[in-house]
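Hi everyone, thanks for coming. Let me put the structure up on the screen, and then we can walk through it together.

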There are 2 protein chains.
Amino acid sequence: MLDKNYIPADDARQLLLDRLAGITRRVERLPLEKAFDRVLAEDIIAPEDLPGFARSTVDGYAVRSRDTFGARDTSPAYLNLAPEILMGSVPAFALRPGEAAPIPTGGMLPEGADAVVMFEHCQKSSESLVEILHAVAPAENVVQKDEDVKAGQSVLVSGSRLRPQDVGALAGLGIASVAVFAQPVVAIVSTGDEVVPLGSPCGPAQVRDINSFTLRGLIAHHGGIPVWEGICRDEYETIRSTVAEALQKADLVLIVGGTSAGVRDMSASVIDSLGEPGVLFHGVALKPGKPLIGGMIGPKPVLGLPGHPAAVVGTFESLVRPVLACLCGLRSVAITSRAVTARITKSVASVAGREDHIRVRLEDLDGELCAIPVLGKSGLITTLVRADGIVKIPAPKLGLDAGESVAVHLFS
Amino acid sequence: MLDKNYIPADDARQLLLDRLAGITRRVERLPLEKAFDRVLAEDIIAPEDLPGFARSTVDGYAVRSRDTFGARDTSPAYLNLAPEILMGSVPAFALRPGEAAPIPTGGMLPEGADAVVMFEHCQKSSESLVEILHAVAPAENVVQKDEDVKAGQSVLVSGSRLRPQDVGALAGLGIASVAVFAQPVVAIVSTGDEVVPLGSPCGPAQVRDINSFTLRGLIAHHGGIPVWEGICRDEYETIRSTVAEALQKADLVLIVGGTSAGVRDMSASVIDSLGEPGVLFHGVALKPGKPLIGGMIGPKPVLGLPGHPAAVVGTFESLVRPVLACLCGLRSVAITSRAVTARITKSVASVAGREDHIRVRLEDLDGELCAIPVLGKSGLITTLVRADGIVKIPAPKLGLDAGESVAVHLFS
């Protein structure tokens, strides 16, 4: 049974992302060693060549390659020993025809040399003579000046997340600081007359707050700074003033809880009361996660997430994560979402028109990666603890057949 | 050409992991909100039931299910309206036969009730009478007391990394602090006469330090605390005293650089000079990364990584990451390594007996995920910047054929 008022998950996501298309983001400049995982707010153009000189990639003899042509074990080329090249030093001589200079890996080629013969392919026949047993082509065993990066070349573009090797490349180019987007602040407003905070006694009919913890972890994993606003009772004025205050400091506000219809309507009214455009959608064709509310107050998204723990994780993946990625300034949510292919071990039914998220555990069965559905209501946090990821059944599909190959989106 | 002295990458890894089997790790107790991503150092047994009472999963009427048996649109069951159940409150009454009590999602079932009928399947026929249009089975629309977790049940085991939902589950059980393993400290000792630190002028024949930046990011991503010891010149005594000092504070020491054979031998001598067992292997059948050195000083691994930027990332993935995971206390390196399946667009040759790592860029070509080899010498950092991950060619394999399906291990 699918309510016709529920909009497809893809449409809900797009509705929010379209509204965010023109927002401005705060930018800060950070020293490189603090820039890991941050999102670049500038294009990086190489200020210099990398490397700045031709380097050997092996331990050997720097040579003029033509002097080695035709050399082989049975008919070596004989070259005169030139001075040794020291690591980190500019050779004080030019290599003349018929000469070979000992050079370490990473050493700078002397003027005149255009290739390096590995030590293994040489032998010293006297104090001043080297036998070359193996011909080398021009540029063999050499990294050319600017072969890695040429001055003026684009290295990284604005909107890239700085991975370890990206930071390494910036260091290699002598770039000591970068402009990055400020991390978006994400406020979590927990609601529920029955919810008590960790550390307080939990009476009968009450439950402890789970979702603010799960969300804090998810937000931090995806580049946001989580700020918890505490637990509101299910009262319009309390929720309204808390959300209004959260909007002052946060770039994104999540109202969590309100699993009952009356309270959901209250969250929607709160969003509508705080500014334009207000609620954009209320109810998404997504399971778990149907009672999702999406709205904006000016440039700031305010999302109402259902209170079931599995629904919180599901709606985070479907809606909050893309919104957060956009607020972080990420150029694109990578095509390489962290999914592995596995064989599903049980048939699972779904409803046409609704995107279903099936929690699964991964197990290696007879050398094949298998996805075992973790059954249980979406209110149960332990279904998520036992799961390694989720399988998405797209809206048009009616279910999955046992043995089918599926993409498992791994939890972070 | 494969040197017979090079041991297989799998053997090198196992040699170190076997030595680490019995080590003791420091344990610290953290408040839950600081425990994200940390590794549990204790088994968690549920101290209480979750939930502590039977809860409704819908907005509706709490009923005795047998009172609804046979009810349908055309022949409803008529039940007397009982008092409304409030969220977070213990119902002050027991439900008598023939009664229905309004209940919100998450509300506590009153004594006597065993199921909930959704509001959509009911209508009020008078102030005191409710029509039930749909029969419910016992337990329908109810989460039972202890259905999520039963007191005394195992929830998480020592050695698990605490994901957002795991922390959520602990919060749900009222567990406010946990014992976790201290994060291992990983010292990075950079070496090289030609290497200058970021911020210093880089003369001709010199290169800037890239690897300490890449490694700091990789170490932090995988749960370690990176500490950079600066750049040593290629002098035995300097490297020896720096490594000796690093061993005082670190759980793992990485000596980086020394791409030339002479300097590699120096690193190996340093490791052997500092204690038992010293060097365990010198040279691994891995490309890039062959000149890898593995040793232990007492319980602390000391690894010598080659200085080529791509070799640093390759050896990190193959050897440092599993060692670091072990030092972190992780029970097992997950079978869910973050790999995606793609079709390789070019044939790539490999040498039998050597594990080859091919850097690839992922691209969606005509709806199919393709892995495009990123060519370039392993000394080039930009080959890593342009890549999304690596494809491993296992030691026995002779290469990859264009069009073959491959697993791409994504960079973090």
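Strands (E, at least two residues) and helices (H or I, at least four) are DSSP runs, numbered from the N terminus. Please keep in mind that this is a predicted model, where local features need pLDDT of at least 70, side-chain atom pairs count only at pLDDT 80 or more, and totals for chains, interfaces and linings use all residues. Residues are numbered from 1 along each chain as its sequence is written, while chains are lettered from A and ligands numbered from 1 in the order in which they are written.

So, the sheet. In chain A, six strands make an open sheet with mixed pairing, in the order β17-β14-β18-β22-β21-β19. The edges are β17 (225-232) and β19 (277-282) of chain A, each pairing on one side only. From one strand to the next, the twist averages 20°, with axes taken as lines fitted to C-alpha atoms and angles running from 0 to 180 degrees between N-to-C directions.

β19(A) and β21(A) (residues 293-297) run antiparallel and are joined by five bridges. Here V279(A) sits opposite G295(A).

Now over to β14(A), residues 185-191. Is this strand mostly covered or mostly open? Mostly covered: six of its seven residues are buried. By buried I mean that 20 or more other C-beta atoms, placed from the backbone, lie within 10 Å of the residue's own; exposed is 12 or fewer, and partly exposed is in between. β14(A) runs parallel to β17(A), with six bridges, and T191(A) faces C232(A) there. It is also parallel to β18(A) (residues 252-256), with five bridges, where S190(A) has V256(A) as its bridge partner.

Next, how do the two chains relate?

On to the interface, where contact means C-beta atoms, placed from the backbone, within 7 Å. Chain A contributes 79 residues and chain B 78. Elements of chain A giving two or more residues include α2, α3 (211-221), α6 (309-328) and β25 (355-365). The chain A side has 39 nonpolar, 24 polar and 16 charged residues. For that count, Ala, Val, Leu, Ile, Met, Phe, Trp, Tyr, Cys and Pro are nonpolar, Asp, Glu, Lys and Arg are charged, and the others, Gly among them, are polar.

Let's switch to chain B and look at helix α3(B), residues 211-221. Nine of its 11 residues are buried, among them F213(B), L215(B) and R216(B). What covers those buried residues? The cover includes α2 (164-172) from chain A, plus β14 (185-191), β17 (225-232), β18 (252-256) and α6 (309-328) from chain B itself. After the helix comes G223(B), with a positive phi near 90°.

One last stop: P306(B), in the loop between β22 (300-305) and α6 of chain B. P306(B) counts as buried because 27 other C-beta atoms lie within 10 Å. Thanks, and I'm happy to take questions!

Conventions: Two residues are in contact if their C-beta atoms, placed from the backbone, lie within 7 Å. Two strands pair if DSSP finds at least two bridges between them.
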